[in-house]
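Good morning, colleagues. Please take a moment with the model on the screen before I go through it.

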Amino acid sequence: MRRTLVVLLVLAALLVIGAVYYALDPSASGLFPRCVFLSMTGYKCPGCGSQRAIHALLHGDVLGAFKYNALLLVAVPWIILCLYAESRRVRNPRLYARLNAPLLIWLFLAMVLIWWLLRNIFNW
């Protein structure tokens, strides 16, 4: 019962957040926070553009979302898959173990670091 309540609260929060991101453009609204790393250093972090990318995705603009933050389009399905594996950890321990294998974690970290470097070198 408690787990169901938590899931419902998380889904409700996601719906509210999704509605806000759908209704308001992060690049035009002062409601959304700016990247502290970009403000302090002038370099983009791996997450820069994610808010605008989410807004674009909610409006069906996949290409626009890709231009804002290509890593987000890779990370979101991966995160959803990892959350699914976590929710089925007891029923399907092999899936959980495979997704949490050290090699995959290191590869994902390497992908984030490479993205971080390339987007600043080529000004993506």
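A contact here means heavy atoms within 4.5 Å. On that basis, of the contacts in the chain between residues at least 6 apart in sequence, 44% join residues at least 24 apart.

What you see is a predicted model, in which local features need pLDDT of at least 70, side-chain atom pairs count only at pLDDT 80 or more, and totals for chains, interfaces and linings use all residues. Residues are numbered from 1 along each chain as its sequence is written, and side-chain values use heavy atoms, with hydrogens and water left out.

The chain has seven helices and zero strands, helices being DSSP runs of H or I with at least four residues and strands runs of E with at least two, numbered from the N terminus. Its C-alpha atoms fill a box of roughly 45 × 35 × 25 Å along the principal axes. Of the 124 residues, 19% are buried, that is, under 20% relative accessible area with a 1.4 Å probe, protein chains only.

I turn now to one helix pair. Helix α5, residues 70-87, packs against helix α7, residues 102-121, at an angle of about 160°, the axes lying 10 Å apart; axes are lines fitted to C-alpha atoms over the stretch in contact, and angles run from 0 to 180 degrees between N-to-C directions. The two are therefore roughly antiparallel, a label for angles over 145 degrees.

Which residues in α5 and α7 meet? From α5 come A70, L71, V74, A75 and W78, and from α7 L104, F108, M111, V112 and W115. By class, this contact has ten nonpolar, no polar and no charged residues, where Ala, Val, Leu, Ile, Met, Phe, Trp, Tyr, Cys and Pro count as nonpolar, Asp, Glu, Lys and Arg as charged, and the others, Gly among them, as polar.

Conventions. Buried means under 20% relative accessible area, exposed over 50%, partly exposed in between (1.4 Å probe, protein chains only). Angles under 35 degrees count as roughly parallel, over 145 as roughly antiparallel, 65 to 115 as roughly perpendicular and the rest as oblique.
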